[in-house]
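Please look over the structure below before turning to the briefing, which moves from helix geometry to charged pairs and then to the core.

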Amino acid sequence: MVHTLKITALERKLIKEALQNGYYEWPRTYSLQNIADEYGLSKPTVLFHIRNAEKKIIESILD
């Protein structure tokens with residue numbers, strides 16, 4: 001079955017930034033605040049978009 005991720009351009013940009021800069025490392029070397037500052041967004045907005053992207057990716061894997 002072929003899955004098409006319906007990730008928005010902003011979700012893709014933010015999750016890529018998070019991945020490339022250490023947000024998913026343990027311990028984290030990059031925070032939501034770093035991403036928010038980089039893109040001029042609030043921390044809750046960044047978290048909202050990253051979680052939406054993660055949800056879509058996980059759903060596509062488990063479908």
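Helices here are DSSP runs of H or I that hold at least four residues, and they are numbered from the N terminus. With that in mind, α1 is followed by glycine 22, a residue whose phi is positive, near 100°. The model is a predicted one, and its chain averages a pLDDT of 93, with 94% of the residues scoring at least 70.

**Confidence**

- Within the chain, confidence is highest in α2, at a mean of 97, and lowest in α3, where the mean is 95.
- Where pLDDT is low, predicted coordinates should not be read in detail.

**Helix α1 and its two faces**

- Helix α1 covers residues 9–21, and its 13 residues should span 18 Å at 1.5 Å a residue, which agrees with the 18 Å that separates its end C-alpha atoms.
- The buried residues of α1 are Glu11, Leu14, Ile15, Glu17 and Ala18; viewed down the helix axis, the buried residues fall within an arc of 155°, so they line one face of the helix.
- On the face of α1 turned away from that buried side sit the exposed residues Ala9, Leu19 and Gln20.
- The packing partners of the buried residues of α1 are α2, which spans 32–39, and α3, which spans 43–62.

**Salt bridges**

- Side chains of opposite charge can pair when their charged atoms come close, and the structure holds two salt bridges.
- In one of them, the side chains of glutamate 11 and lysine 56 meet at 3.0 Å, N to O; because glutamate 11 lies in helix α1 and lysine 56 in helix α3, the pair ties together parts that are 45 residues apart in sequence.
- Glutamate 11 has a relative accessibility of 3% and therefore counts as buried, whereas lysine 56, with a relative accessible area of 26%, is partly exposed.
- A salt bridge also joins the side chains of glutamate 59 and lysine 55, at 3.7 Å, N to O; these two residues are four residues apart in helix α3, so about one helical turn separates them.
- Glutamate 59 counts as partly exposed, because its relative accessibility is 44%.

**Nonpolar core**

- The largest nonpolar core is made up of nine residues in all, namely Leu14, Ala18, Tyr23, Tyr30, Leu32, Ile35, Ala36, Val46 and Ile50.
- Each of α1, α2 and α3 supplies at least two residues of this core, and α2 gives the most to it, with three residues.

- Alanine 18 lies in helix α1, and at 0% relative accessibility it falls under the 20% limit and so counts as buried.
- Once its neighbours within four places in sequence are left aside, alanine 18 is in contact with Tyr23, Tyr24, Ile35 and Ile50, and of these Tyr23, Ile35 and Ile50 are listed with Ala18 in the largest nonpolar core.
- Between alanine 18 and asparagine 52 there are 14 Å in space, C-alpha to C-alpha, while in sequence the two are 34 residues apart.
- Tyrosine 23, not counting residues up to four places away in sequence, touches Ala18, Arg28, Tyr30, Ser31, Leu32 and Leu47; among these, Ala18, Tyr30 and Leu32 belong with Tyr23 to the largest nonpolar core.

Note on methods
Residues are numbered from 1 along each chain as its sequence is written. This is a predicted model: local features need pLDDT of at least 70, side-chain atom pairs count only at pLDDT 80 or more; totals for chains, interfaces and linings use all residues. Side-chain values use heavy atoms; hydrogens and water are left out. The expected span of a helix is 1.5 Å times one less than its number of residues. Buried means under 20% relative accessible area, exposed over 50%, partly exposed in between (1.4 Å probe, protein chains only). The arc is that of the directions from the helix axis to the C-beta atoms. Contact means heavy atoms within 4.5 Å. A salt bridge is a side-chain nitrogen of Lys or Arg within 4 Å of a carboxyl oxygen of Asp or Glu. pLDDT is the predictor's confidence in each residue, from 0 to 100. A nonpolar core is a set of buried Ala, Val, Leu, Ile, Met, Phe, Trp, Tyr and Cys residues joined through side-chain atoms within 4.5 Å.
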